[in-house]
Protein chains: 4
Amino acid sequence: MTEEIGVGMVGHAFMGAVHSHAWRSVHRFFDVPLTPRLAVLGGRDPVRTKDAATKYGWAAVETDWRALVARDDVGLVDICTPGDTHAEIALAALAAGKHVLCEKPLANTVAEAEAMAAAAEEAAGRGVRSMVAFNYRRVPAIALARKLVEEGRIGEVRHVRAVYLQDWLSDPSSPMTWRMRKEKAGSGALGDLGAHIVDAAQFVTGDLITGVSATTETFVRSRPDGDGFADVTVDDAAVFLARFSSGALGTFEATRYALGRKNSMRLEVNGTRGSLAFDFESMNELSVFSADDGSAAGFRRILVTEADHPYVGAWWPPGHLLGYEHTFTHEAADFLTAIGGGVDPAPSFTDGLRVQRVLAAVEESAGQQSTWTMIGDPR
Amino acid sequence: MTEEIGVGMVGHAFMGAVHSHAWRSVHRFFDVPLTPRLAVLGGRDPVRTKDAATKYGWAAVETDWRALVARDDVGLVDICTPGDTHAEIALAALAAGKHVLCEKPLANTVAEAEAMAAAAEEAAGRGVRSMVAFNYRRVPAIALARKLVEEGRIGEVRHVRAVYLQDWLSDPSSPMTWRMRKEKAGSGALGDLGAHIVDAAQFVTGDLITGVSATTETFVRSRPDGDGFADVTVDDAAVFLARFSSGALGTFEATRYALGRKNSMRLEVNGTRGSLAFDFESMNELSVFSADDGSAAGFRRILVTEADHPYVGAWWPPGHLLGYEHTFTHEAADFLTAIGGGVDPAPSFTDGLRVQRVLAAVEESAGQQSTWTMIGDPR
Amino acid sequence: MTEEIGVGMVGHAFMGAVHSHAWRSVHRFFDVPLTPRLAVLGGRDPVRTKDAATKYGWAAVETDWRALVARDDVGLVDICTPGDTHAEIALAALAAGKHVLCEKPLANTVAEAEAMAAAAEEAAGRGVRSMVAFNYRRVPAIALARKLVEEGRIGEVRHVRAVYLQDWLSDPSSPMTWRMRKEKAGSGALGDLGAHIVDAAQFVTGDLITGVSATTETFVRSRPDGDGFADVTVDDAAVFLARFSSGALGTFEATRYALGRKNSMRLEVNGTRGSLAFDFESMNELSVFSADDGSAAGFRRILVTEADHPYVGAWWPPGHLLGYEHTFTHEAADFLTAIGGGVDPAPSFTDGLRVQRVLAAVEESAGQQSTWTMIGDPR
Amino acid sequence: MTEEIGVGMVGHAFMGAVHSHAWRSVHRFFDVPLTPRLAVLGGRDPVRTKDAATKYGWAAVETDWRALVARDDVGLVDICTPGDTHAEIALAALAAGKHVLCEKPLANTVAEAEAMAAAAEEAAGRGVRSMVAFNYRRVPAIALARKLVEEGRIGEVRHVRAVYLQDWLSDPSSPMTWRMRKEKAGSGALGDLGAHIVDAAQFVTGDLITGVSATTETFVRSRPDGDGFADVTVDDAAVFLARFSSGALGTFEATRYALGRKNSMRLEVNGTRGSLAFDFESMNELSVFSADDGSAAGFRRILVTEADHPYVGAWWPPGHLLGYEHTFTHEAADFLTAIGGGVDPAPSFTDGLRVQRVLAAVEESAGQQSTWTMIGDPR
C-alpha cells in the first residue's frame, strides 16, 4: 500500500456518488502513487450529508466547505457542487495548498473561469495540482480516438460532428430542478452537455475552436415546482456551427429533448486519411475508417476492451465491458498519478476555461442573430 | 396494356441511366394508367447519344432538345441535365403542353425556380403536369416516416438533424467535373446533397424552414482538369442551422469530404411523443421510437419491406430489399398515376422553389458572417 | 446490340417475376455477348399465363412446357417451377440442346439431381450449358466474401455459422401452399432456405460438407386450405451440425418461425487470420475482421457498393444500394457470358447435386436420432 | 450500516478480483440486509495471496482453505477456484454452516454436482444458503428478457439460438493454462462458455433442455507450456442441437476460436408472439420484437438503463452504461438479500446440476456419433 492522501469532497448528489466510487476503487485496479482516503464529505444539510457519508464510506462530514478545505487531513479537494460555487471553493482550496479536482463546466462565467485558471497556474508553481473533471476524455474509446488522431491515422481533420442528446425534459411535466435555474447552473443543455462535446472535440482533434454561430431554445418555459410552477431560465437546447483553427468545420448540438436518446454523446471526425465515430450509448466501441484499407475498407467497430487500449489493462479480459463510472476511476488514477509524479494533469483549468469561452461565444452569437462570434483568446 | 405515353428524356449520364430503367420497368410492377414508351433520347453528342439510346432502349435520338420537345411522339419530357438548363427546357416543354419531370435541384437560381413554378401552375390549368425529382421521397422508409408523422405518432416536432455525407472529393487529386463549376451546377454539395435533405426534412415534418444561419467551405480550390488544373467555384461543404415554422430546431450538413461515408443521407426527427431515424446507407430500414412503449421502449428497426409499407406491395416478399433505382421507378409510377388521374403530383415545382429559397438563404447567410437569414416567402 | 438468344421460361409466380426482370434488364447494365429476348412464357393456366406474359413482357405463351422446349425461337430454358418438375423439364431441354437455368433446389430427390447432373455433363460436351439458380452467390457481398477467402485473407476456416430465418409461418392461421406439400416441394424450410445456406457456405469456404447431425420439426401440422384444413407434410424448421472436409465445424438452421426475422440469411465464417459476417437483411454490407489490424482491429462494415466490388461496376456510384432482384440480373449476366464464351458456368448442376446430398443426409440423420450421417460422394 | 457478515473467499485470480470488487461495493449501491466484510482471502501461495489481499482489500489470509472455512469470522464462503475443488470446499463449508457462493460450472462431474445439490438442500433446512455464480442472469438485459418471457410477451418459445464466442485460442502459439487441462477444468469451451449459455437459455425461457445431439473439437492439440509443450485435454469448441421440454428447438455453440468475437455471448429466442435478441458485447441492450406492433414492428433496441429495469435503479441515470463487474455486484446483492431474508436464492446448486447434466449429455453424444442423448432427470 502506498502513501495515503486525504480526500475532502464537497457535494454528494449524482456526481458525489460516482466520485466516491472512484476514490474507493482506484487503487484496487491501478498502481497509483497515492492511496486515497475518503476523509471528509461536505454538504449543507447535516443529516443528509451524514447519511451520504455512511452510504459512500466517508470518515467524517463538514457542513461548511471552508472548514473542509481547512482540515489538515484533507490534501485533495474534490468539487462536486453546482457550477455557481466552483470558483469560490477552488480558489480557497488552491490558496490553502490543496490539490483540486473540479467538476465541469469549470464555472458559470468566463470571468470565474479565468480567475480559476490563473489561480491554478500560480498554484502549480507551488506544486499544487488541479484538474477539471471532463471524464469523457477517460472513456477508453475516446482516449483511443485521440491516440489515433495524434498518430496521424486520419490525416488532417476536415469535419467534426458532435451531438449530446438526452430526453429527460421531453415531458413538459418533468419537475423543476437546479439544472434549469441560471443562477445555479449557469446555462442549461449548453453547459451540462455542450461542455462535454466541446471538450471532447477539442481533445480528440488536438485543436481549438476559433469561432461559432449559434442558436438556443427553451421549449418549455415553466415547469412544476413544489405546489406551483417555476420559470426555466436556461436553454433546453443549443445548436451551433464552429470552426477549428485548422479550418475544420464543426456542427454541435446539445439537447434534453431528443426522445429515445438517453445519453447519446456522439462524436464523428472526418479527416483526409480516415474517420472516427463514437456514441456514448455504445461507449465500449470506436468506429474507425481507414482509406488505406482499399476495397476492403469499412468502418471498423473496434471493441475497445483490449489490454493495449487506454486504461483497459487494469480491468478485465477482452470483450468484458466497462461502464460509466469507470471513467471517473480513470480520472482519479490520472490525477493521483500526476500529483505523485509532480506534473500537471490534463484537462487543466485552462482547458476548462477554453471550453467556457466557447460556451460564452455560443450564448453571445445566439443573442445576436447567430452572427459569427470569435472565441476570445483561444490559446 | 394501357394507353402509351411517349417519353422524351434529355441527358444520358448517371440520372439518364436510372431514369431509363424506371421508364422501362414501371409498368412491369405498378398498375399505371399510362405505359411509358421510351420514344426519344436527347443529347448534344450524336455518337454518344446514339450509343446511350441503344444501351438504355430508346427508340430515337435528338441532339437538339428543342426538337425533342417539339416532337409529336413525346408527351412527357424528362429533364436529366445539369441545373443550368433546367429552366429553359422546362419552360419550353410546359409551353408545348408536355408533362415535365425535372431533376433536382429545380434550378440554379431562385429567379429561375420562380419562373418555373409560375409556369407549372399556369400549365396545370391546362392539364399539363409537372414534378421535381426529389426521389428520396419515394424511399419506402421515408414515405413511411412521413406517414407516421402525419398520423401524429411522434407528436410535435422539436428537433431535425439532417446530414448528407459523401466522400468522393476527399482525395484532392480527384479530377474536376461539371459538378464543381458554378455556372453549370449552381452550387456544390449544397445544391447536390443539401437540396435532398432540405426537401426530405420539409416533406417528413410537413413543415417549412423559415430561416437559417450558415457557413460553407471549399477545402480544395483547384483540381486536375485535363492536362492542367481548374478552379473549383462551388462549395465542398455546407453546414447550417434552421428553424421550422413550428419552432423546431434543425441542423443540416452537406459534404463530399466525409471519408468512409459513401451516401449517408441521414435524417433524425425528435418529437414530443416519438422519434425517427433514417440512413440511406441502410435505406430499407426506418428506426422509430415511441414513448408509448414504456419500459420496453427502444428504437424499433423497422425493415420497410412489408406489403403494407409504401410502394412495397409492388415488389417482393418481406425482407427482400429494394435498392437505389427503385425510388425512381416509384417516382415514375406516381407521375404517371397523377397524369392519368388528372391531378397535380408532388413534389411540385413550387416544392422545388421552396428548397431553392432555402439554398439561397444558406448562401446569403454564409456570405454575411452567418447572420440569421429569413427564407423569402416560405409559403 | 449483340446477337439475341430466345428465352423460354416455365413458371410465372414469384421466381417468374424476378427472372423476367433479369432477362429484361441484364443487357442494359452488363456487356453480355448475347441479348436475351423474352420469347415464350410457359404456364398451365392459359388466362393467367397470358396475363403474366403481358405484365412481364413475354412475346408468346405455351401451356405445355414440352411445346415451349421444342420451339425454335427458344435457345435457353429457364425453369421457375416447383421442385417436382425440375428434373423432367431440365432433362428434356438439355436433350433438345437448350441451355438450362434451373431454380433451386435442383430437384426434390438425390436420384433426380444425379440424373440432372449427369445430363448436364453430357450436354456440356455438346456445348449446351446449365446452371442452378443459387442467386445468393451473386450478392456482391457474398461474392466479395468468396474472393477474400480465396485470397487467404481469413486463413484456414474453423467455424461456419449459417442460419436462414423467416417468419411467415409463425402465425398458425397462415394458409396452406404448395411449399408445405412434400410431393411438390420435396421438403420445407430445409429445401427452400437450407439449400441456400448450404450452397453459400460451400461456395464461400470453397469447401464441401462431409457429414451432418440433424433434427427437423413441424410445429404446425395442419393449416387452413380452402374451406377446410390440409396436413403439412414438410418440415417447418431444420437444424444441423456439419463438418467440412477441412475439419471446420458448422452449425445450420433454416426456419419459417423466427418471428421478426423477415429474410435473415446470415453467414459467419471464422478463420485463423480473420472472420466474415453477412446478413441478407443488410445485403449491401459485409463485415470483415482481420487479425492484421492489431490494436485497431474490429469488424469492418464494408458497404459493398464500390466499383471494384463484384458486379457493382455495372450499377451506381458508391453508397447507392442494390436490392434483391439484382442478384438475378447478375445471374443472367453470368449465364449469358458463359454461354457466349463457351464455358461452363457455376453453380453447375453438380453443385446443385452436392447441396441435394447434404439435404438428404440431414433428413436421414433427423430420422435416425440425429446420428452422424456422411454425405454420399462429396466430390 | 447493517449487520456485517464475514466473507472468506478462496481463489484470487480473475474471478477473485471481480468478486472482491462486488463485496467491497455492493452495500454502497444496494440496500442489503447484511454488509459484507472482506475477512479472509484463501490461496495456496502465501506471498501471492498476501499481495492479492492487500490489493483487493482483504483483512487476512489463509493458505489452507480448510482453515478459512473453519474461521469464526467467516459466515460466507465464496469459491473462486478451478472446478476440480468446488465440490470439496462447498461440501465442507455447508457442513460448517457457512453460506456458499460457488463459481460456475458448479463442478467437473455430474456426480460431484449431485452431491453438492444434495448437500445444499440439506443445508437449506438448517438455514444455510447456497448459490451458483451464473452471473449472466444478473445482466439487466437478461433479467429483463426473463421478465418479458414470464409475462408472456413473446408467447410460446419455438426457437433458441445461443452462442458464446471468444477468440483467445485462435492463435496456436497461445500458451497452455489450467483451463485446457481436463483434470482441472473438467472441460474446455463447453464448461467455461457453454455452461453460461445453457443456464441463460434455461433461465430466460423458464424451461429445461431434455436432450441434445453434439460434436466437439480440439483444433490445437498441443500448446507451449514453459520450455516445452503440453497436451490440450479439453475441447476447444462444442456445438450441439437441443430440445426443450416445451418442444422448442435450440442450437448452441461454445468456442474460443471465433476470431474477432471477444466475448460474444448471444442469445436469441423466437416465440409465437415475439422475439428477443441479446449480445454480451452490447450488454446494455436487449432487442425485442413484438408482433403486436403491426406495420411499425421492428426489433426494438432497448437500452436497459432505465430506473425500472432490473438492478438499474441502484445505479446511474438512463443511458449511463453498466459494465461486466456490475453483474457480480448484483449477484452479491441478491445473495445477501436471500441470506438476510431467510430464503433460498437462485440459481441454486440444483440449477447448477441441471446445467452439469446438459454438459455431460453433450460430451456423451459427442462420443457416440452425435446420437440424440436424453438429459438424466431434468427436473
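Predicted model: local features only at pLDDT ≥ 70, side-chain atom pairs only at ≥ 80, totals over all residues.
**View 1. Contact between chain C and chain B.** In this interface, 38 residues of chain C are in contact with 38 residues of chain B, and the area buried between the two chains is about 3,100 Å², of which carbon and sulfur atoms give 58%. On the side of chain C, the residues that lose the most area to chain B are Arg28(C), Trp316(C) and Leu321(C), which together account for 21% of what that side buries.

**View 2. Salt bridges and contributing elements between chain C and chain B.** Four salt bridges are found across this interface, and in one the side chains of Lys262(C) and Glu306(B) meet at 3.6 Å, N to O. Helix 1 (14-29), helix 2 (46-56) and strand 16 (299-303) of chain C are the elements that give two or more residues to the side touching chain B, with the largest share, nine residues, coming from helix 1 of chain C. By residue class, that side of chain C divides into 17 nonpolar, twelve polar and nine charged residues.

**View 3. Symmetry relating chain C and chain B.** Chain C is superposed on chain B by a rotation of 180 degrees with 0.0 Å of shift along its axis, the RMSD being 0.0 Å; the two copies are thus related as by a two-fold rotation axis. The same surface serves both copies, since 100% of the contact residues of chain C recur in chain B. Of the residues of chain C, Gly323(C) comes closest to the rotation axis, with its C-alpha at 2.1 Å.

**View 4. Contact between chain B and chain A.** Here 46 residues from chain B and 46 residues from chain A take part in the contact, and about 3,600 Å² is buried between the chains, 56% of it from carbon and sulfur atoms.

**View 5. Polar features between chain B and chain A.** The count between these chains is eight salt bridges, including one that Glu217(A) forms with Arg243(B), in which the closest N and O atoms are 2.5 Å apart. There are also 19 residue pairs in polar contact between chain B and chain A, both residues at pLDDT 80 or more. The strands of chain B that each supply at least two residues to the side touching chain A include strand 7 (157-165), strand 8 (209-217) and strand 11 (237-244).

How values were computed:
Residues numbered from 1 in each chain as written. Chains lettered and ligands numbered in written order. Heavy atoms only, no water. Least-squares fit on C-alpha atoms with pLDDT ≥ 70 in both. Contact = heavy atoms within 4.5 Å. Buried area = accessible area lost by both parts, 1.4 Å probe. Polar contact = N/O pair within 3.5 Å; in protein donor to acceptor, adjacent residues only side chain to side chain. Helix = DSSP H or I, 4+ residues; strand = E, 2+ residues; numbered from the N terminus. Nonpolar A, V, L, I, M, F, W, Y, C, P; charged D, E, K, R; others polar.
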